[in-house]
Amino acid sequence: MSFQLEELLRGATQLDDVVQQLLGIEDEARRVQDDLEPYLYESLDSGRSAADAIAGSRRDVAQVRQELIEVSAGVRASHRDYEVMEAGNGFRQQLRLDELRVSGTGWFPGRDMTHNVLRGVVVPPWTNTRDTLHGILESPLLEVLQPRDVRVGKVEQAVEHVEPSMAESLRRLERLHARNDGEIEVIQFEQDGTSSWMVLIPGTQPNSPNTNPLDIQGIGEAVAYDSEEVIPAVGQALREAGAEAGDHVVAVGHSQGGIHAMNLSRNQAFLSEFDLKYVLTAGAPVGGITPEPGITSLHLEHVQDWVPGIDGQVNADTKDRVTVSLTDEVRTPEGQDSGLGPGHDQENYAAGAELVAASHDESLVASTAVFGGVVGAGGVARVTRFKMERAPMPVSRLAVLPLAVKPDSPPTVQDTRKGAGTR
């Protein structure tokens, strides 16, 4: 790689700075001209010559300034053209309808189809923008879906051998998800007498009590409210596990958990306490989240997985942010529940992470080096599981619930179209 796209914008910004400096020089030249005006009417021509010289210099500076403005505009246009081309290349893997029939248990759209639908064909209001979703959840009828205080309690702590690879981290995440009770995992690694930490945040656990912050309602908090209640709970879990201010942290998340993990990368309160170095997501719609500078992130997305396309946004492609599109055909094993589709399966993402680790692609080598630099080579580590629990629903909010919905059950939405059921 000879350059990154963001370097074009950086160059254009530097040209803009020079243009502003030249404007200042022109203003100063104009003031000097004004000061020389009384000398224009004297018998000696030295004053007139000085004024003429200043005026000529001012014109020259203005010409250079205009040329730089044109160069800056050309650089920005080039950046736009590259972005459009890169976005087009990202969608070239779109699957045909017959290729989307990847399981005998159902039909699932692919990531690119979801992207395309949400970017132009049909834009449902609940996925249009973060602010739109926020506004919907603020309505009195849906007040029950707004975030509530999340507490965290230690469940278990053990010392065990941990292989801190991306693939094995995703497999640990799947085992954590299977517990279905809102648990996260904090792993402490020791290198040269210093500690670094990994936080594992599983995806949506729909068949769980409403007090589980990782239920379907949790998606709304992650997308519309930037994980405002989950992030403090993650910070508390780190502190109770022994993490100190300034310690290096890696966050790993699948699906909804990936959104929470990426929200850590822009949460100023969390970043002021911990040094988040890396975020790994799998099957997560995180295109609308921009991490703070210096935080590296890697996003695994399968072309048969519709979930990472549900935000309708392509992940930014920068030096510190890389997206890997997995294109191998995957199927749900016979007799197993297809869930959200085989493309969303964490084992498939773990297999993809193994390919990432073996890749010689410069972007991936640089990215995985950052991950490995934080967690080290592995070995004995201290693993602590914490259970997050959402506060019970206030009585005032229960008053707006339909009678058919129990307070301790995940809310449902009834589709009234002919032949449709509850989702």
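Buried means under 20% relative accessible area, exposed means over 50%, and partly exposed lies in between, using a 1.4 Å probe and protein chains only. With that in hand, buried residues make up 43% of the 423 residues in this chain.

A word on the source. This is a predicted model, where local features need pLDDT of at least 70, side-chain atom pairs count only at pLDDT 80 or more, and totals for chains, interfaces and linings use all residues. Residues are numbered from 1 along each chain as its sequence is written, and side-chain values use heavy atoms, with hydrogens and water left out.

Now the fold. The chain has 14 helices and eight strands. These are DSSP runs numbered from the N terminus: helices are H or I with at least four residues, strands are E with at least two.

Next, Asp247. Where is Asp247 found? In the loop between α9 (230-241) and β4 (248-254). Asp247 is buried, yet has no salt bridge. A salt bridge is a side-chain nitrogen of Lys or Arg within 4 Å of a carboxyl oxygen of Asp or Glu. The nearest side chain of opposite charge, Arg382, is 8.8 Å away; Lys and Arg count as positive, Asp and Glu as negative, and His and the chain ends are not counted. The side chain of Asp247 does reach the backbone nitrogen of Glu244, at 2.9 Å. Leaving aside residues up to four places away in sequence, Asp247 touches Ser195, Trp197, Phe274 and Asp275. Contact here means heavy atoms within 4.5 Å.

Last, Ile219. Ile219 sits in helix α8 (residues 216-224). Its relative accessible area is 33%, so Ile219 is partly exposed.

Note on methods
A polar contact is a pair of N or O atoms within 3.5 Å; within protein, one must be able to donate a hydrogen and the other to accept it, and residues adjacent in sequence count only if both atoms are side-chain atoms.
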